[in-house]
Structure formats: C-alpha cells, structure tokens
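Please keep the structure in view while going through them.

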Amino acid sequence: MRATRIMACAALTVAGLVAPAGTALAQPAAATEAQAPAAAPATTTSGPCGYTATPDDPSPRPVSLPPDPTPTPAKGIVKVLLATNQGPMLLSLDRAKAPCTVQSFLHLAKSRFYDFTTCHRLTLYDTLKVLQCGDPTGTGERGPGYSYKDELPTDLPPWPGDTTGTRKVYARGTLAMANAGPNTNGSQFFLVFADSRLRPDYTVFGSVDRLGLKALDRVAAAGVKPTPEDPAPVDGTPNRKTNILRALRLSF
C-alpha cells in the first residue's frame, strides 16, 4: 500500500533506489536436490514493539526489520545529527516517551535509510507549521517496508480556546511521527517550527535543537513552491529545498 499519511485538520500528506535502465540483474542459480529451500523472512518481530513487514508497501531502499529486544530500551536521551544542506539539526530522541519509535529511528539512521533524502512537504497553515521528511523517494508516499504501533503523548497542553479539549499543542521544536492512521508508523517524521494545533494522534519522540530551528525558520521563510493552480500555496513542496545528507547517531 502506498499510504498517504494525513495529519488531522490541515491535511499533511505523509507517506528509492531503483536499478538504472539497462542494468542486468544476476539470475539465481537453479536449486539442486541437495539444497534446502530458503526460509521465509519473518513478517513480524517477536519483541514488544512488533515491527511488522508491509509487503504491499515495500521499502524503496534495502532495510531490515528493526531489532526488537525484550525489554525495549526505555531510558535516556539519544542524540542524532541530521546534517542538511540548510544547516545541522541536532535531534534529541527520548526513549522514555516512545521507546519503539526511537528504536526504529536509530535503526533507519544506522541503515543509512535517511541519507541523501529530501524533506518533501512544508506546511504553513495558521495552526500547523511543520516540515515533513523521511521518504527516500521524496514523494511522501513511501516508507521503510514495515509499520509499528503508536506511542501517543498524554501530557500535551490543550490548544488555547479549544472548548472541545481534543486539540493539543505540538510545541515549536517537537519531533513527531507522521502516520496514515492508528498504528501505521514507518519512517516519515515531522519537525514543528511553530506551535501547532493537532489531535494527539502523532507519536512525539524527541525535539530539535536551537540551530536546527534556525534552519527550519529559513526553510519556512522561503515558503512553498508555487504551482500553476496555486501561485501562493501554504502546503506543498518547500521553495528552499532541504536535503538530509546524513543522519548520524552521536550518543549511545
């Protein structure tokens, strides 16, 4: 499934490397009677996170299911540097808030899944201001070939003036997962550069530092790329292209 990840209220679409044309792919050798059939790959990890393969939405890059130890590491802050063409963004991943999400993100970073990818969507609504990244194809339609459960926040403050109590503040500097509905987390994430109003349906797993926010501010100030249909869009491809050159874990 090529999922469309949608963030509540203000439609934020969320969600590769292919062989060059003419590249010949080696054919597997014919099996002999002495050869045992290959074991089918596991489709769900056996640990507490239960990372589950999504064969109808395969990864555009080679990546395995994440390690899923018992218990899942659930203490401490892990630092990950996003080296981008707009400047460095230092992420602080909080294992206590979202241990399975942090485990997955670190696995993808180690697998170089995020390297040389483009942040595909900038949203500039009055109440939703985020940059979304994490799809190697740059289309917002792909993920890592697996999904896993939500780890939803329970401590977000209410959005001022929201009498329903359903909208919360995703504060400036928040790092959270995009999704396509309950328990559909993959690789796509969003960085909040101004307080945003959302239902608490998106896993918060860390924050971005001051220098990273300055880089995000520069991207936001350049706006969204115009289209023939909309010369002044507030949701779409960033005018200032933002590439993740390397995602590097700094602390252990």
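Predicted model: local features only at pLDDT ≥ 70, side-chain atom pairs only at ≥ 80, totals over all residues.

1. Of its 5 residues, 4 are buried, so strand E7 is largely enclosed by the rest of the structure.

2. Which strands pair with E7? Strand E8 (residues 128-133) pairs with E7 in the antiparallel sense, over 5 bridges. A hairpin through 2 residues joins E7 to E8, and leucine 124 stands opposite lysine 129 in E8. Strand E15 (residues 235-236) also runs antiparallel to E7, joined to it by 2 bridges. Here leucine 122 stands opposite glycine 236 in E15.

3. Directly after H2 comes glycine 223, whose phi is positive, near 80°.

4. Which residues of H2 are buried? They are Gly212, Leu213, Ala215, Leu216, Val219 and Ala220. Because these residues cover an arc of only 160° around the axis, they lie on the same side of H2.

5. What covers the buried residues of H2? The covering elements include strand E5 (87-94), E7, E8, strand E12 (189-194) and E14.

6. Tyrosine 51 lies in the loop between strand E2 (12-13) and strand E3 (52-53), while tyrosine 146 lies in strand E9 (residues 146-147), so the pair ties together parts that are 95 residues apart in sequence. Both tyrosine 51 and tyrosine 146 are buried.

7. Tyrosine 170 and tyrosine 202 form another pair. Their ring centres are 6.4 Å apart and their planes stand at 70°, so this pair is edge-to-face. Tyrosine 170 belongs to strand E10 (residues 168-170), and tyrosine 202 to the loop between strand E13 (196-198) and strand E14 (204-208); the pair links distant parts of the chain, 32 residues apart. Tyrosine 170 and tyrosine 202 are each buried.

8. Is leucine 152 buried, exposed or partly exposed? With a relative accessible area of 37%, leucine 152 is partly exposed; it is found in the loop between E9 and E10. Leaving aside neighbours within four places in sequence, leucine 152 is in contact with Pro200, Asp201, Tyr202 and Thr203. Its C-alpha atom is separated by 8.0 Å from that of alanine 98, 54 residues away along the chain.

9. Finally, the confidence of the model should be noted. The mean pLDDT of the protein is 87, and 83% of its residues reach 70 or more. Over residues 1-34, however, the pLDDT is below 50, although this stretch has 75 contacts in the model beyond near neighbours in sequence. Residues 36-40 also stay under 50, and for them the model has 0 contacts beyond four places in sequence.

Conventions: Residues numbered from 1 in each chain as written. Heavy atoms only, no water. pLDDT = per-residue confidence, 0-100. Contact = heavy atoms within 4.5 Å. Buried < 20%, exposed > 50% of the residue type's maximum accessible area, 1.4 Å probe, protein only. Phe/Tyr/Trp six-rings, centres within 6.5 Å; stacked < 30°, edge-to-face > 60°. Pairing = 2+ DSSP bridges. Arc of directions from axis to C-beta.
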